[in-house]
Amino acid sequence: MKRISPYSRKMWTIDGLTITGVFLIIAVALNIFLEFNALWKYILTCSIYGLALIILINSLIMPKYKYEKFRYDMDEDKIILKYGVFTEKNVVIPMSRVQYVDTEQGIILKKYKLINLTVHTAGGEYEIPYLESEVGSNLQLSIAKIVQEKNI
Amino acid sequence: MRELKHPHKFIIFSGIFQFIKNSIIPLFIFLISIGSKIPEKYGGNYTVILAIVLFLFAIIVLYIVKWKKNVYGLEERGIYIKHGIFEMHERTLPFSQVHTADISSSIVQRLFNVCKLEMDTAGGDGKSEISIFLSKEEALRVKSIIFKGNRNKDEDEVEIMEEKNMKKFTSSLKDLFVMATFSTRILAGFFIITAFYFKIDNIIPDEVKKKAETVTGDMVNGINDTSIIKYIVALVLIMLFISWIISVIITVIKYYRFTVIREEESIKLSYGFFDKKEVTIPINRIQSIIIVEGIIKKQLGYFSLNIETIGYGKDKGESTMICPIAKKELLDKFFEDILPEMNITYDLVKSSRKALKRFILFRLLVEFIVMSIIAIFVPYGYYIFLLVPILVIWDYIRFSDNGLYCSDDFVVMRYRNLARKTVIVQKECIQSVEKIQNIFQKRRAIAKCEVIIAGDILGKSYTVGHMNENYIDDIIEKTL
């Protein structure tokens with residue numbers, strides 16, 4: 001079983017921090033613009049602050065375990081994904097059902113030379129996040145090749 | 001050589017009728033607000049009438065032009081259609097891409113001997129790719145050409161096979177009655193009527209209410225506490241009865257003479273009282289079959305059968321019912337006659353007993369929290385704890401209904417939400433398999449199995465929990 005790039009820890013943390021920031025902005029905005037004259041307003045604002053805090057802690061601690069748990073593998077017949085910290089998911093996609101494979105790369109991902117790969121089937125899509133660029137594009141090519149051969 | 005034809009003239013009437021139906025209320029409001037503002041000396045009300053007549057005339061001309069410009073033609077490999085007034089749309093649909101072709105006709109359409117032919121392909125949005133009005137004979141002809149083009153076989157052979165394979169299944173009126181009686185629609189109807197009953201107080205004008213009060217006032221004075229309960233019970237019964245009648249009427253109208261015919265490569269459904277619907281579903285588009293056993297219906301030995309297809313236009317995202325209700329013996333016969341491909345025997349593997357205690361305890365924990373909240377905030381809310389034994393029994397039933405089976409060609413899954421569902425999936429249709437387990441389950445080698453099949457927009461997934469880990473690994477091994 002192969003692992004994803006170790007940088008993924010950093011990426012997940014950055015993601016988490018961004019979401020924390022968004023929630024904090026909402027909470028602060030509510031704090032300023034709401035007049036605190038009813039109970040539900042207190043509850044609303046406090047819960048958004050709480051949520052931001054939980055996401056912050058989550059984004060600082062969890063990426064390490066997420067990285068440790070994420071495994072993927074592929075061969076002629078299937079793609080296997082294994083992930084999840086508390087609830088472990090084990091996904092098997094038969095190669096003959098794969099329709100196409102996407103890769104995407106944002107600005108931050110580009111800087112760290114990472115790539116996100118998405119496998120599409122008729123039943124849904126599965127993402128393998130944060131692969132090293134070369135590994136990712138090689139994987140994409142080899143999956144595409146196998147799919148093509150299977151279909152002929 | 002392309003031979004172009006116009007669709008049936010009925011489209012002019014139906015178009016105009018549709019337009020009037022949709023625009024009459026806004027038009028009315030518009031006219032009322034405008035009409036009174038035109039001074040008498042400029043013609044007053046006559047202007048309004050003139051405007052309406054002109055407007056209608058324009059609409060009629062528009063629809064006639066639309067009909068004139070709308071042509072279709074059958075080519076060797078596909079159907080060609082052209083429509084539009086200012087902007088011309090042309091479309092050619094290859095026969096091989098047509099997944100379903102529905103013929104439907106409402107009661108008015110039947111008077112004119114007209115049908116609506118709708119063709120669907122796998123992709124695309126909710127609308128049918130092609131929908132045209134044709135005379136009945138023409139529609140049947142087009143349909144037969146499409147599906148003949150679809151099969152690459154000798155025509156003679158096909159015809160012989162069709163005659164031999166005319167397997168039919170019709171549900172009787174009595175079955176429909178049973179179905180209506182136990183459908184959830186009754187409860188929905190009950191709530192709607194109840195809501196209406198309470199709303200009626202606000203709707204009725206005051207004078208009527210006063211009159212009614214003087215009549216009923218004497219009666220109400222005579223009513224004491226016990227008879228009020230009787231009064232309410234009677235009211236509830238009456239409402240239930242009304243919603244039952246409505247439910248029966250709706251069901252009978254919708255599923256009247258529900259007939260399933262097996263043809264060579266497809267199943268044909270036809271049903272409906274006013275709106276006669278005909279649906280053709282090719283066998284190889286069927287993704288899964290779901291046998292539904294409702295709680296009450298099952299006690300009477302009734303089942304219904306749904307199938308999941310892709311590219312089926314009418315109820316996108318919804319599964320298609322191919323057998324509204326039937327007794328067990330009939331169901332077996334149904335499988336033999338109509339769907340011999342899916343007629344398999346299975347021996348389900350049950351959930352592992354090791355998981356039972358934890359499952360019930362965990363469920364109870366969640367339920368307990370919810371119930372505690374209710375008990376605190378609702379007066380007399382602590383009576384809700386009486387539900388605990390019922391919930392435990394219910395959870396036990398749910399747990400023991402879980403089952404999984406896997407042969408070389410099929411995966412069978414059984415689970416219960418409210419009704420017990422048995423899902424039969426062909427191996428080729430499985431898009432992916434997931435094994436899900438949390439840390440507690442991992443220690444006991446128990447896992448949840450999720451099978452995902454293709455759907456129109458999103459895939460459909462079926463889940464069976466608390467199975468032995470090894471067995472799921474087996475299934476994964478076999479699906480590849």
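What follows is a conversation about a predicted model with chains A and B.

Q: How many residues of chain B are in contact with chain A?
A: In this predicted model, 21 residues of chain B are in contact with 18 residues of chain A.

Q: And what area is buried between chain B and chain A?
A: The area buried between the two chains is about 1600 Å², and carbon and sulfur atoms give 52% of that area. On the side of chain B, the residues that lose the most area to chain A are Gln431(B), Glu434(B) and Leu480(B), which together make up 33% of what that side buries.

Q: How many salt bridges and polar contacts are found across that interface?
A: The rule finds 2 salt bridges across the interface of chain B and chain A, along with 12 residue pairs in polar contact. The elements of chain B that give two or more residues to the side touching chain A are β19 (430–438), α14 (439–443) and β20 (446–453), and β19(B) gives the most, with 9 residues.

Q: Which side chain does Lys442(B) meet in a salt bridge?
A: Lys442(B) meets the side chain of Glu88(A), with a distance of 3.0 Å from N to O. Glu88(A) also meets Lys69(A) in a salt bridge, at 3.5 Å from N to O.

Q: Is Glu88(A) buried or exposed?
A: Glu88(A) is buried, its relative accessible area being 11%, whereas Lys69(A) counts as partly exposed at 33% relative accessibility.

Q: Back to helix α2 of chain A, then: what does it reach from first C-alpha to last?
A: Helix α2 (residues 39–69) of chain A has 31 residues and reaches 42 Å, which is close to the 45 Å expected at 1.5 Å a residue.

Q: Where does α2(A) bend?
A: The helix bends by about 45° at Met62(A), and Pro63(A), a proline, follows within four residues. Both Met62(A) and Pro63(A) are buried, and other buried residues of α2(A) include Ile48(A), Ala52(A) and Ile55(A). The buried residues of this helix pack against β1 (2–3) and α1 (8–33) of chain A.

Q: What about α4 of chain A, which of its residues are buried?
A: In α4(A), the buried residues are Ser133(A), Gly136(A), Leu139(A), Ile143(A), Ile146(A) and Val147(A). The strands β2 (71–74), β3 (78–83), β5 (98–104), β6 (114–121) and β7 (124–132) of chain A are included in what covers them. The helix itself has 19 residues, numbered 133–151, and reaches 27 Å from its first C-alpha to its last.

Q: Changing topic to chain B, what does Arg420(B) form a salt bridge with?
A: Arg420(B) forms a salt bridge with Asp401(B), with the closest N and O atoms 3.1 Å apart. Arg420(B) lies in strand β18 (residues 420–426) and Asp401(B) in helix α13 (residues 388–401), so the pair ties together parts of chain B that are 19 residues apart in sequence. Arg420(B) counts as buried at 11% relative accessibility, and Asp401(B) counts as buried at 7%.

Q: And which residue meets Lys435(B) in a salt bridge?
A: The side chain of Glu469(B) meets that of Lys435(B) at 3.2 Å, N to O. Because Lys435(B) lies in strand β19 and Glu469(B) in helix α15 (residues 469–479), this pair ties together parts of chain B that are 34 residues apart in sequence. Both Lys435(B) and Glu469(B) are buried.

Definitions and conventions
Residues numbered from 1 in each chain as written. Chains lettered and ligands numbered in written order. Predicted model: local features only at pLDDT ≥ 70, side-chain atom pairs only at ≥ 80, totals over all residues. Heavy atoms only, no water. Expected span 1.5 Å × (residues − 1). Bend = angle between axes of the 7 residues up to and from the residue. Buried < 20%, exposed > 50% of the residue type's maximum accessible area, 1.4 Å probe, protein only. Contact = heavy atoms within 4.5 Å. Buried area = accessible area lost by both parts, 1.4 Å probe. Salt bridge = Lys/Arg side-chain N within 4 Å of Asp/Glu carboxyl O. Polar contact = N/O pair within 3.5 Å; in protein donor to acceptor, adjacent residues only side chain to side chain.
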